[in-house]
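Colleague: I am new to this structure and would like to learn how to read it. Could you take me through it, one feature at a time?

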Amino acid sequence: MSDGEQKVFFDELAELFAVFAADTDGIYRGWLSRVLPPHGGRAVDLGCGSGRWTGLLLERYAEVLGVDIAEREIAMAAEAYPRADFAVRSLLDVTAPTDGTFDVVLCVNTVHHLRDH
């Protein structure tokens, strides 16, 4: 699937992916709550979707950036979490020269969608 096809795919299924995220929340939330440092400066969620982990990150980090290729997913996340920063772009475009450094990089249910791992 090309990048353009992936964007369309994820935009069209944004609401369905939000339901999937809610349904599978229990698989990850307890573990993430235990292993994420209790506080920090900056966190990034690569492939953030509708902001599934944004609230958890905002509880612990002063700045949170969420990145996803789907405009609809980012719109949903930005509406739910206005204190966070969001960008519609590939996670592969997140770099230290462009975005600075992060204390935590989170990427859940995303890497398998990349053509170039």
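**Reading the fold**

Modeller: Among contacts (heavy atoms within 4.5 Å) in the chain between residues at least 6 apart in sequence, 54% join residues at least 24 apart. Please keep in mind that this is a predicted model, where local features need pLDDT of at least 70 and side-chain atom pairs count only at pLDDT 80 or more, while totals for chains, interfaces and linings use all residues. Residues are numbered from 1 along each chain as its sequence is written, and side-chain values use heavy atoms, with hydrogens and water left out.

Colleague: How many helices and strands are there in the chain?

Modeller: Helices (H or I, at least four residues) and strands (E, at least two) are DSSP runs, numbered from the N terminus. Here the chain has six helices and four strands, and along the sequence they follow the pattern α-α-α-β-α-β-α-β-α-β.

Colleague: Which order do the strands have in the sheet?

Modeller: Two strands pair if DSSP finds at least two bridges between them. In this model, four strands make an open sheet in the order β3-β2-β1-β4, with parallel pairing. The edge strands, β3 (85-88) and β4, each pair on one side only. From one strand to the next, the twist averages 15°. Three bridges join β1 to β4, and D45 has L106 in β4 as its bridge partner.

Colleague: Which helix packs on the sheet?

Modeller: For angles, axes are lines fitted to C-alpha atoms, for helices over the stretch in contact, and the values run from 0 to 180 degrees between N-to-C directions. Helix α5 packs on the sheet and touches β2 and β3, its direction making about 170° with that of β3. On β3 you can find A87, which is in contact with L65, G66, V67, D68 and I74, leaving aside neighbours within four places in sequence.

Colleague: Is A87 buried or exposed?

Modeller: Buried means under 20% relative accessible area, exposed over 50%, and partly exposed in between (1.4 Å probe, protein chains only). A87 counts as buried because its relative accessibility is 15%. Of the 117 residues of the chain, 42% count as buried.

Colleague: Which residues touch the most other members of the largest nonpolar core?

Modeller: In soluble globular proteins, nonpolar side chains tend to be buried together. A nonpolar core is a set of buried Ala, Val, Leu, Ile, Met, Phe, Trp, Tyr and Cys residues joined through side-chain atoms within 4.5 Å. The largest one here has 17 residues, and L36, L57, Y61 and V64 touch the most other members. Two or more residues come from each of α4, β2 (61-68), α5 (71-80) and β4 (104-106), and α4 gives the most, with three residues. Apart from this core lies another of eight residues, among them V44, L46, L65 and F102.

Colleague: Which residues form an aromatic pair?

Modeller: Rings of Phe, Tyr and Trp (its six-membered ring) pair if their centres lie within 6.5 Å; planes under 30 degrees apart count as stacked, over 60 as edge-to-face and the rest as tilted. The structure holds one such pair: Y28 and W53 are edge-to-face, at 6.2 Å centre to centre and 85° between the planes. Y28 lies in helix α3 (residues 25-35) and W53 in the loop between β1 (40-46) and α4 (54-60), so the pair ties together parts that are 25 residues apart in sequence. Y28 is partly exposed, with a relative accessible area of 24%, whereas W53 is buried at 2%.
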